[in-house]
Amino acid sequence: MNISNSKKTVLAGLMLAVGVFLPTISHMTGIPGNVFLPMHIPVFLCGFFSGPLYGGICGFVLPYLNSLLTGMPAVYPNAVVMSAELFTYGIVCGIMHNTLCNRFKLRYIYLSLSISMVAGRLVYAICAALILFISSEVRKMSAVAAFVQGIPGIIIQLILVPQIIFAVSKSMSRRKDATAEAVEMIKNNLATCVVVKKDRIISAESPQGIAYIIGLRDKKMLKDTYVADTIIGKAAAMIFSISGVKKCYGKTISKGALEWLKNNKIEVTYDMCVDYIENRTGDGICPMELTVKDVDDPVLALELLKNKIEELNKS
C-alpha cells in the first residue's frame, strides 16, 4: 500500500486529534494515563502510515499539546520525558516500516512495533535518569515503575495497533493498485511524473523537463519500475531503457519514443501519440528531442542530454 504526501499530512493531523481525544477519555473515566498509555497508539499509527518524520513530530508535540489543552501531563518533568519517548516511538516505527519495504503483514507490523517499544522505553529510562540526577524535585519518577504500570497499555497496543493497521491496509489495497493510481494522478494533473515500484508509489512530483528523469536515474530509482508521465519523448524513452524501467504510461507520447520503447521491450500504454514533442512555447521541437533525434546509443544520449541541460541552465 502506498500513501501520497498529502494523505500522510492529513493522517498525521488526524492522529494528533486522536492523541488529544483519547487522554481526555482516560481522564473522564478515571483510568490513569500511565496505565492506559492513550497517547502511544496514535503515535504508532502515525509512524506506520505517515512515516518517521510525521511520526516523530506527532510524538514530540502530543504531550505538550495535551498539557496546554487539558493541563495533563505536567510540562515538567512529565511532558519532557514523554515527548522524548513518543518522539522515539514515531521515528523508529516509521524507519522500521520503511526498512521492511512498507509490507503491511502482521509479522512485520509486530516486529516494527516491538522494536519501537523497546527503543522508546530506553529513551524514557535515559531521560528519567538524567532528570532524576539533575533535579531533586522529581525523585519519584522511575522508569522501572513506569514500565510496570504501563503493562496493561502495552498489551492493549500489541493487540489493537496491528489489527488497526492490518485492517486499514487491506481496505486501501482493495480500492486500487499503485499503477492505476499513478495513471489517475497523471490524468487528473495531480503530478507530471509518478514512479511505482513493488506496488507502491516511490515518487510523485510535478517537474518540468527531462532533468527530473535523469535525476531519478542517477539516484538509481528507476530500476524495475512503472513510470507514468505526462509527456514521453524519445529522450525520456532512452533514459527509461538504460535505467531498467519495465513499463510506462504516457498521457502524450511521440512516435519516436513509442518506437524506441517497443524496440527495447518496454511495455507502454498512452492516450495520444504525436509526431514530436513541442517546446514550451509551442513553436518548434523540444530541444531535448532535437538533441537525441539522430542518436541511437542511449549512453551517448544521456551524456548529450546532461550537456544540453547544463547549457540551457547557464543561458
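Q: Where is the place of Pro-73?
A: Pro-73 sits in the loop between helix H3 (40–70) and helix H4 (75–99). Keep in mind that this is a predicted model.

Q: What kind of peptide bond joins Met-72 and Pro-73?
A: A cis one, with omega about 0°.

Q: And what joins Tyr-76 and Pro-77?
A: Also a cis peptide bond; omega there is about 5°. Pro-77 is in helix H4, whereas Pro-73 is in the loop between H3 and H4.

Q: OK, zooming out. How many helices and strands are in the protein chain?
A: The chain has 13 helices and 5 strands.

Q: What share of the residues is buried?
A: Of the 315 residues in the protein chain, 44% are buried.

Q: What about contacts between residues at least 6 apart in sequence: how many join residues at least 24 apart?
A: 54% of those contacts do.

Q: Now the inside. How many residues has the largest nonpolar core?
A: It has 34 residues. Those with the most contacts inside this core are Ile-210, Leu-222, Val-227, Ile-232, Phe-240, Cys-248 and Leu-261.

Q: Which elements each supply at least two residues of it?
A: On the strand side, S1 (193–197), S3 (226–232) and S4 (247–254). On the helix side, H9 (211–218), H10 (234–243), H11 (255–263), H12 (287–292) and H13 (298–314).

Q: Which one gives the most?
A: H10, with 6 residues of this core.

Q: Pick Ile-232. What is it in contact with, leaving aside neighbours within four places in sequence?
A: Its contacts include Ala-237 and Phe-240. Cys-248, Tyr-249, Gly-250, Thr-252, Ile-253 and Ser-254 are also in contact with Ile-232. Ala-257, Leu-261 and Ile-277 complete the list for Ile-232.

Q: What's in the second core?
A: That one is separate and has 24 residues, among them Met-39, Phe-44, Cys-58 and Ile-165.

Q: Back to H10. How many of its residues are buried?
A: 8 of its 10 residues, so H10 is mostly covered, taking buried as under 20% relative accessible area.

Q: Which ones?
A: In H10 the buried residues are Lys-234, Ala-235, Ala-236, Ala-237, Met-238, Ile-239, Phe-240 and Ser-243.

Q: What covers them?
A: The cover over the buried residues of H10 includes strands S3 and S4 and helices H9, H11, H12 and H13.

Q: And what follows H10?
A: Gly-244, with a positive phi near 90°.

Q: You mentioned H9. At what angle do the axes of H9 and H10 cross?
A: Roughly 5°, and the axes come within 10 Å. H9 and H10 are therefore roughly parallel to each other.

Q: Which residues make that contact?
A: From H9, Ile-213, Ile-214 and Arg-217; from H10, Ile-239, Phe-240, Ile-242 and Ser-243. The residues in the contact of H9 with H10 are 5 nonpolar, 1 polar and 1 charged.

Q: How do the axes of H9 and H13 cross?
A: They cross at roughly 125° and come within 11 Å. That angle makes H9 oblique to H13. The crossing of H9 past H13 is left-handed.

Q: Which residues make the contact of H9 and H13?
A: H9 brings Ala-211, Ile-214, Arg-217 and Asp-218, while H13 brings Leu-302, Leu-305, Lys-306 and Ile-309. By class, the contact of H9 with H13 has 5 nonpolar and 3 charged residues, and no polar ones.

Q: Is Lys-198 buried or exposed?
A: Exposed, because its relative accessibility is 68% and the cut-off for exposed is over 50%.

Q: What about Asp-199?
A: Asp-199 also lies in the loop between S1 and S2. The phi of Asp-199 is near 65°, which is positive in a residue other than glycine. Asp-199 counts as partly exposed, with a relative accessible area of 47%.

Q: Last one. Which helix does Val-168 lie in?
A: Helix H7, residues 151–175. At 31% relative accessibility, Val-168 is partly exposed.

Q: How far apart are Val-168 and Phe-49?
A: In sequence they are 119 residues apart; in space, C-alpha to C-alpha, Val-168 and Phe-49 are 9.7 Å apart.

Technical notes. Residues numbered from 1 in each chain as written. Predicted model: local features only at pLDDT ≥ 70, side-chain atom pairs only at ≥ 80, totals over all residues. Heavy atoms only, no water. Core = buried A, V, L, I, M, F, W, Y, C linked by side-chain atoms within 4.5 Å. Buried < 20%, exposed > 50% of the residue type's maximum accessible area, 1.4 Å probe, protein only. Helix = DSSP H or I, 4+ residues; strand = E, 2+ residues; numbered from the N terminus. Contact = heavy atoms within 4.5 Å. Axes fitted to C-alpha atoms, helices over the stretch in contact; angles between N-to-C directions. Parallel < 35°, antiparallel > 145°, perpendicular 65-115°, else oblique. Left-handed = near helix turned anticlockwise from the far one by under 90°. Nonpolar A, V, L, I, M, F, W, Y, C, P; charged D, E, K, R; others polar.
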